[in-house]
Amino acid sequence: MNAPFSDKTKPLLSVRDLSKIFDISGGFLDQLTLKNGRLRREKTTVKALNRVSFDIAPGETFSVVGESGCGKSTLGRTVIGLYPPDGGEVHYGGERIDTLSSRRMLPFRRRMQMVFQDPYASLNPRKRVAAILEEPLRFHHPDMTADEVGDRVKEVMEQVGGDVQWLTRLPHEFSGGQRQRISIARALVVDPEFIVADEPISALDVSIQAQILNLMMDAREQRGLTYMFIAHDLSVVEHISTRVAVMYLGSLCEVADVDRLFADPRHPYTRALLSAIPRLGKKKSDHVRLKGEVPTPINLPTGCVFHGRCLYADERCVREIPELLKQDDGVLAACHGVEEGRL
Amino acid sequence: MSALLQVQDLTVNFALRTGDLTALNGVTFALGEGERLGLVGESGAGKSVAGFAIINLIGKPGYIAGGRVLFQGEEISALPEEAIRRIRGHRISMVFQDPMMTLNPVLTIGTQMVETLQAHRNIGQSEAEAIAVDKLRQVHIPSPEKRLHQYPHEFSGGMRQRIIIAIALLNDPQLIIADEPTTALDVTIQAEIMDLFLELCRQTRMGLILITHDLAVVSETTEKIAVMYAGEIVEEGRTEDVVRRPRHPYTQGLIAALPQGDDQRGTRLNQIPGTMPTLTRIPPGCSFHPRCPHAMDVCSERAPGPLPVAYPDGGGGMAACHLYDPNLGDR
Amino acid sequence: MTDRWQRFKKSALFHDFKGDKVAIVSFATLVLLFICAFSAPLIAPYNPYDSANIDIMSSEIPPVWMAGGTNDYLLGTDAQGRDLLSTMIYGMRISIIIGICAVALQAVIGIIIGLIAGYYGGKLDGFFMRLADVQLSFSYLMVAIFVSAVLQAAVGVGRFAEIAVPFLIIVIGLAQWPQYARTVRASVLAEKKKEYVEAARVTGFGAHRIMWRHILPNCMSPILVLSTIQVANAVMSEAALSFLGLGMPVTRPSLGSLINAGFEYIFSGSWWITAFPGVLLVILVLAVNLLGDFLRDALNPKLYKG
């Protein structure tokens with residue numbers, strides 16, 4: 001549906017040094033603390049994203065994986081503009097979008113869409129499916145006639161494997177998988193080119209997961225979509241992605257093509273993560289055991305955020321934050337060990 | 001291997017205003033001493049109900065409508081509440097999905113462990129604490145003496161689940177029923193917890209029933225798998241048989257729906273059409289037939305009983321599917 | 001319309017209602033009282049506002065079953081010779097009108113403030129919620145005494161009677177808006193986090209559209225429950241103000257001012273002038289409250305009914 005991109009090398013989305021800090025200290029009175037006998041105002045902040053940079057080329061399925069609390073959902077929401085960033089830049093189609101006013105942002109709202117995790121919370125329970133699908137269309141195309149709107153909604157409904165009869169019903173009448181189809185239809189109805197999918201299948205049963213993954217892959221083929229796919233399930237990521245970014249504690253550890261990442265993980269965290277994937281019929285545990293626990297993002301470790309759990313950490317890792325460096329084969333890894341060649 | 005647990009034709013109904021609903025329909029399986037069984041199914045398949053029914057913990061409006069549960073030869077499904085309470089948490093322990101729901105947030109874990117011990121045994125404080133420390137060490141909690149005096153919120157999710165397991169181990173149970181024990185946890189933590197279960201079962205010859213939706217997790221941990229669908233066990237067998245050579249069309253579909261790794265990257269996944277029926281609308285005959293690619297006329301007419309299936313290497317299993325009925329022709 | 005009715009008949013709310021005797025009885029009582037109140041000119045035996053019907057000679061006639069009672073006045077007459085039953089029916093109409101309008105005013109103010117405070121959060125939220133605290137720390141009686149003193153001085157005691165109804169509506173409405181604001185704010189905070197709101201923001205909808213069209217409809221259940229309780233409270237407040245002489249004048253009595261008027265005659269034996277309006281007030285408030293309790297239980301799925 002979208003015009004094919006002539007220039008494949010130019011990124012569709014470009015993120016530079018993106019940072020996001022959440023203030024979790026609550027109200028003014030909660031911020032007051034006594035220190036050395038003096039009353040002081042102190043803010044507690046969570047550093048959810050630390051200088052994250054990456055590019056997504058048109059037609060890619062760029063996956064972001066990591067464990068809960070690593071900031072992958074925050075990354076998706078900051079990229080799409082739900083959260084304002086506290087540092088860094090987001091460029092879309094060559095234009096910087098994180099500083100745009102909501103009016104100037106409107107044309108991008110049509111081009112970028114999002115699919116959410118919880119199929120029970122992502123559809124307004126008081127609206128009929130028809131209203132859920134028609135409202136964005138009418139909003140972005142006020143000149144469309146009622147017939148055109150209706151046709152477009154039906155067309156999208158069919159594409160997501162839904163039924164025209166669904167349109168008159170309320171969300172609570174559907175199963176989780178059906179709701180997720182409606183969610184996808186809502187994203188597709190404005191004909192976007194880029195979709196951020198935040199754990200779109202993790203709330204679904206296995207047999208339904210396959211249906212939704214297939215639907216997303218079909219939509220990618222038919223509409224030339226670009227995905228940013230946020231997930232914690234590595235086997236799903238392996239199946240759907242072209243490129244994968246591994247996140248830990250708000251920082252990117254490794255960014256690589258899917259084949260390279262799964263065949264030859266560089267970063268020690270990526271290795272541990274991959275070894276932990278449960279595989280059908282794999283016996284005998286050969287999991288890489290990590291030391292300790294994930295630290296809180298309130299007090300980030302110095303140096304490499306992973307050094308406290310890394311089996312190969314040395315003095316430099318404690319001291320110096322590693323840069324995301326390009327390896328010979330194009331893999332990006334943020335690890336002193338990889339850089340020094342001792343891993 | 002002597003039978004540790006025998007579940008025979010267990011049926012659980014829910015009494016609702018519109019009539020009775022069958023949540024568990026004639027579930028039958030057996031578990032040997034030290035054996036590990038995976039109870040796999042999607043949400044609504046009745047796997048948790050099965051776990052609760054074994055220890056007679058079905059809450060209203062549910063009730064056990066039929067069948068028996070024998071634990072070490074004793075029929076525990078017929079025992080009075082008082083007697084079964086002595087078995088629960090003592091000889092049979094349970095581990096649930098959300099550790100925060102099981103742990104009391106205002107008591108230290110030491111207090112909670114000592115209380116659990118003293119509820120079943122007549123022992124003193126220091127002796128109980130010694131056992132608690134021992135069990136915490138067994139689940140690899142570092143410096144257990146110190147950790148005993150901490151509150152649940154001071155532990156991470158993975159640590160909490162370890163504590164829950166330590167509490168389950170307190171009275172040296174012969175059987176642990178773990179209901180989705182790692183679903184709320186991250187993959188790396190999940191792998192560690194599963195390793196722990198495996199290690200404990202081998203050390204103590206304890207039986208394990210692992211209830212989960214994740215076939216891959218089960219396949220790494222248990223020796224046997226029972227696959228549930230709409231309140232029934234549709235296939236049962238040794239793990240490698242069920243995973244490599246699934247016989248029931250539902251198991252086949254479920255396994256084919258999983259992303260298989262490198263060689264099929266980016267291809268369409270096999271999908272089972274439709275969704276699992278809700279308990280109010282279980283179709284007649286075989287409950288899977290509307291979604292089954294091999295459905296025959298007979299499938300919508302009558303429900304298949306458990307039929308034996310054989311594997312080339314001499315192993316055997318069970319599948320509730322008309323395809324394996326010798327009286328119904330080929331296959 | 002028929003479609004909606006069909007759906008309502010199938011809904012869980014209706015099913016719960018059918019099984020709840022208390023709810024059915026209080027609903028029936030309320031419907032009966034409302035019909036009586038709003039068809040007052042049709043069903044009341046006399047028009048108490050019409051001075052032609054009032055005869056001071058027939059004052060303090062006891063109810064019909066007592067010695068001295070007549071068939072003309074079923075529940076007797078008050079100190080001015082008005083038929084008590086008719087005066088009560090008219091009084092109830094005034095009480096209900098004031099109650100509902102005051103709650104409507106509370107709701108409008110409270111919902112707007114609650115939505116804004118909950119949706120925007122931050123300093124705006126802090127300001128409105130502190131304002132609500134301040135408002136609640138003034139008793140509505142204080143507000144009423146102050147405002148009525150100012151008003152009576154401004155327009156004169158004689159004309160004050162004419163503006164008593166809007167006065168009561170405004171006083172009760174202004175005094176109680178924080179209840180709505182707090183309830184709405186709490187549910188907005190819960191709804192705002194849900195993904196359908198984020199989806200609306202991703203689509204580019206403005207804040208107003210999201211607040212009014214997406215979030216507010218999902219806050220309606222608590223608002224509905226609160227409204228029933230607030231109507232009962234407002235009716236009580238009105239009665240209390242009137243009883244203290246700050247409300248409806250004796251010439252156009254509400255239930256509260258009737259109770260007040262009769263109070264002086266209790267010790268002279270005319271207990272009925274106070275008692276019957278009092279009983280009616282209790283029945284009215286109780287019915288509203290019981291229905292509110294039912295709604296709260298039925299609309300809150302988290303509350304387990306034992």
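In chain A, strand 1 (residues 13–23) is joined to strand 4 by 8 bridges in the antiparallel sense. The model is predicted.

**Sheet of chain A**
- Lys20(A) has Leu49(A), in strand 4 of chain A, as its bridge partner.
- In general, the strands of a sheet pair through backbone hydrogen bonds, in either a parallel or an antiparallel manner.

**Helix pair of chain C**
- Helix 5 (residues 84–120) and helix 14 (residues 272–299) of chain C have axes that come within 11 Å and cross at roughly 35 degrees.
- The crossing of helix 5 of chain C with helix 14 of chain C is right-handed.
- Helix 5 of chain C contributes Leu84(C), Met88(C), Gly91(C) and Met92(C) to the contact, while helix 14 of chain C contributes Trp272(C), Ile273(C), Phe276(C), Pro277(C), Leu280(C) and Leu284(C).
- By class, this contact comprises 9 nonpolar residues, 1 polar residue and no charged residues.

**Contact between chains C and A**
- On the side of chain C, 13 residues are in contact with 18 residues of chain A.
- Helix 10 (residues 195–203) of chain C gives the most to the side of chain C that touches chain A, namely 7 residues.
- That side of chain C divides into 5 nonpolar, 4 polar and 4 charged residues.

Notes. Residues are numbered from 1 along each chain as its sequence is written. Chains are lettered from A and ligands numbered from 1 in the order in which they are written. This is a predicted model: local features need pLDDT of at least 70, side-chain atom pairs count only at pLDDT 80 or more; totals for chains, interfaces and linings use all residues. Two strands pair if DSSP finds at least two bridges between them. Helices (H or I, at least four residues) and strands (E, at least two) are DSSP runs, numbered from the N terminus. Axes are lines fitted to C-alpha atoms, for helices over the stretch in contact, and angles run from 0 to 180 degrees between N-to-C directions. A crossing is left-handed if the near helix is turned anticlockwise from the far one by less than a right angle, and right-handed if clockwise. Two residues are in contact if their C-beta atoms, placed from the backbone, lie within 7 Å. Ala, Val, Leu, Ile, Met, Phe, Trp, Tyr, Cys and Pro count as nonpolar, Asp, Glu, Lys and Arg as charged, and the others, Gly among them, as polar.
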